[in-house]
Amino acid sequence: MSQKSSGNLAEQIAANLGERIICGELTSGTPIREQAVTADLQVSRGSVREALLILQRQQLVDIFPRRGAQVKQLTTENVGALYEFSSMLYTQLGTFTAQRWQTESQLMVFVDVRRQLEHSMQQRNLRGFVEHSFAILRAAGPIAGNPFLMQAIENLIPAISRTYHMALERRRDEMASFTRKFDRLLMAVRERDIPLLEEVVKEYNQHNCELVLASLAEG
């Protein structure tokens with residue numbers, strides 16, 4: 001791995017390990033050995049430790065005294081808590097976006113993301129579909145105008161992305177359901193219909209949570 005500043009290098013290491021966790025290569029409970037990562041990526045142990053702290057903030061690893069780091073377990077309880085919290089954040093982001101958009105050109109970015117989602121769905125490109133689903137949130141950020149809210153959402157995206165990959169890997173047909181909900185959500189934003197927006201976000205999160213829990217039950 002290329003040697004950059006300590007902060008940038010730690011972020012690169014975190015991105016490398018995070019992608020392996022999100023895509024399921026590193027499964028729940030897998031130990032992450034600092035020495036092995038150091039040797040594999042040819043980086044310093046200090047940078048690896050910084051990377052693990054980033055992954056801990058992203059809810060992808062747990063760090064235990066004297067035991068080190070391991071991939072965070074996905075349990076019924078923490079999946080439920082994750083989707084409960086994300087529903088609150090998504091609802092607030094959607095509400096701010098609906099209240100604060102001013103021109104049609106601001107909404108066109110969502111139309112572009114919708115096209116990308118459709119293309120990924122047709123290609124059955126799971127990784128692209130998940131990435132574009134989060135592009136919706138990032139597109140809303142500048143309109144919503146609350147950097148603290150966006151930071152909270154950014155910190156959750158890796159953990160949610162992990163659950164999306166797990167659920168959609170087994171049920172790729174659910175991608176069509178997601179795009180239909182996005183269409184309803186965009187309509188709610190365009191019409192500034194906050195009750196409809198809240199309803200769609202609630203349905204979306206409940207459905208996704210159920211898919212993830214079903215995948216967990218299947219093992």
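Analyst: Buried area is the accessible area (1.4 Å probe) that two parts lose on being put together, summed over both. This is a predicted model: local features need pLDDT of at least 70, side-chain atom pairs count only at pLDDT 80 or more, and totals for chains, interfaces and linings use all residues. Residues are numbered from 1 along each chain as its sequence is written, and side-chain values use heavy atoms, with hydrogens and water left out.

Between them, domain 1 and domain 2 bury about 760 Å². Of that area, 56% is on carbon and sulfur atoms.

Eleven residues of domain 1 touch seven residues of domain 2, where contact means heavy atoms within 4.5 Å. One salt bridge links the two domains (a side-chain nitrogen of Lys or Arg within 4 Å of a carboxyl oxygen of Asp or Glu). Elsewhere in the count, two residue pairs are in polar contact between the domains, both at pLDDT 80 or more. A polar contact is a pair of N or O atoms within 3.5 Å; within protein, one must be able to donate a hydrogen and the other to accept it, and residues adjacent in sequence count only if both atoms are side-chain atoms. Glu19 and Arg127 meet through their side chains in a salt bridge, at 3.1 Å from N to O. On the domain 1 side, helix α1 (residues 6-22) gives the most, with three residues. By class, that side has five nonpolar, four polar and two charged residues. Here Ala, Val, Leu, Ile, Met, Phe, Trp, Tyr, Cys and Pro count as nonpolar, Asp, Glu, Lys and Arg as charged, and the others, Gly among them, as polar.

Now the sheet. Helices (H or I, at least four residues) and strands (E, at least two) are DSSP runs, numbered from the N terminus. Two strands pair if DSSP finds at least two bridges between them. Three strands make an open antiparallel sheet, ordered β1-β3-β2. β1 (31-32) and β2 (61-64) are the edges; each has a single partner strand, so one side of each lacks a neighbour in the sheet.

β2 pairs with β3 (residues 68-71) in the antiparallel sense over four bridges. Phe64 stands opposite Gly68 of β3. Ile63 has Ala69 as its bridge partner there. Three residues lie between the strands of this β2 and β3 hairpin. In it, Arg66 takes a positive phi near 65 degrees.
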